[in-house]
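Me: I am new to this one and would like to know what stands behind the words used for it. Could you show it to me first?

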Amino acid sequence: MNLIPLPAFSDNYIWLLQHEGHALVVDPGEAAPVSQWLQNNQHQLDGILVTHHHGDHTGGVASLQAQWQAQVYGPAQEKLNFDFKPLKQGDIFHWHDLAFQTMDVPGHTAGHIAYWTQPAGQAPLLFCGDTLFSGGCGRLFEGTPAQMLATLDQLAQLPGNTRVCCAHEYTLSNLKFARAVEPNNLQLLAYSSECERLRSKNLPTLPAILATELDINPFLRTRHSTVIKAVQKYAQANLQQEAEIFASLRMWKNEFK
Ligand code: ZN
Ligand code: FE
């Protein structure tokens, strides 16, 4: 089982899983990078996983579906303009010897779902769309801060060696913000250097490792005193509630340059 990030648009990744001439893709916002890869590597497309309704994650689905008769999976709570098998929290489906578990991860969009699977002899995989990014999290377009906090708490419970397959290469700008929040976090500084090295060679910083994210991603660290103090200073208020701190951190990121 091979995991391949296909770059799309300016900073999206379409994740592709490859197994003995067959492939599955996640969030194909455009069809061309997928078609190209399938043609170059002589693979058949079996399945398409969709995490949420945004166009940069769904734009290529209909044409790939028509071309390959691929099985499409998507969020039960969102409207999509193609046929798909609706999935919600706890639903499981199989592809070859992989069992995919569905998680409801509202926040970026109201019906956003994520997929988690454990390939035999390999670290687990999480396809989380625009929910969790390396060093950051998705913008709250449809959900509340409390929802996104609960979502990230749920993801944080997954095994630490989970490979987090985010849908965008936002890592360096996220880490710039993370360093503003926690300038003395040594793991964050080391991780930033490593990601800068990768990007200077035009390599992906992803997948991220969940255990690393727990050490460096401020949106997974809103109960740590360093993050709480930084947020209180930004907000110039003695915020105490978890959801308030998370909301203020997200607002800070939104206006951070
Ligand atoms: Zn999105
Ligand atoms: Fe996106």
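Reply: Gladly! The zinc ion (ligand 1) and the iron ion (ligand 2) are 3.3 Å apart, with D130 coordinating both. This is a predicted model, in which local features need pLDDT of at least 70 and side-chain atom pairs count only at pLDDT 80 or more, while totals for chains, interfaces and linings use all residues. Residues are numbered from 1 along each chain as its sequence is written, chains are lettered from A and ligands numbered from 1 in the order in which they are written, and side-chain values use heavy atoms, with hydrogens and water left out.

Me: Which residues hold the iron ion (ligand 2) as its protein donors?

Reply: They are D56 (OD), H57 (NE2), D130 (OD) and H168 (NE2), at 2.1 to 2.3 Å from the iron ion (ligand 2). Their spacing along the chain is D-H-x72-D-x37-H. D56 lies in helix 2 and H168 in the loop between strand 13 and helix 5, so this pair ties together parts that are 112 residues apart in sequence.

Me: Why is the arrangement around the iron ion (ligand 2) called irregular?

Reply: Four donors count as tetrahedral if all angles lie between 85 and 135 degrees; four count as square planar and six as octahedral if opposite donors are over 155 degrees apart and all others between 65 and 115; anything else is irregular. Around the iron ion (ligand 2), the 4 donor atoms subtend angles of 84 to 165°, which makes the arrangement irregular.

Me: How do you know whether H168 is buried or exposed?

Reply: Buried means under 20% relative accessible area, exposed over 50%, partly exposed in between (1.4 Å probe, protein chains only). H168 has a relative accessible area of 4%, so H168 is buried. D56, at 23%, is therefore partly exposed. H52 and H108 are buried.

Me: What makes strand 7 (92–95) and strand 14 (208–209) edge strands?

Reply: Strands (E, at least two residues) and helices (H or I, at least four) are DSSP runs, numbered from the N terminus. Two strands pair if DSSP finds at least two bridges between them. The open sheet has 6 strands in the order 7-8-9-10-13-14, with mixed pairing. Strand 7 and strand 14 each have a single partner strand, so one side of each is left without a neighbour in the sheet.

Me: How do you know that strand 10 and strand 13 pair?

Reply: They share 4 bridges, in the parallel sense, and F127 stands opposite C165 in strand 13. Strand 9 and strand 10 run antiparallel, joined by 3 bridges; there, Y115 stands opposite F127.

Conventions
Donors = N, O, S within 2.8 Å, 3.2 Å for Na, K, Ca; no water.
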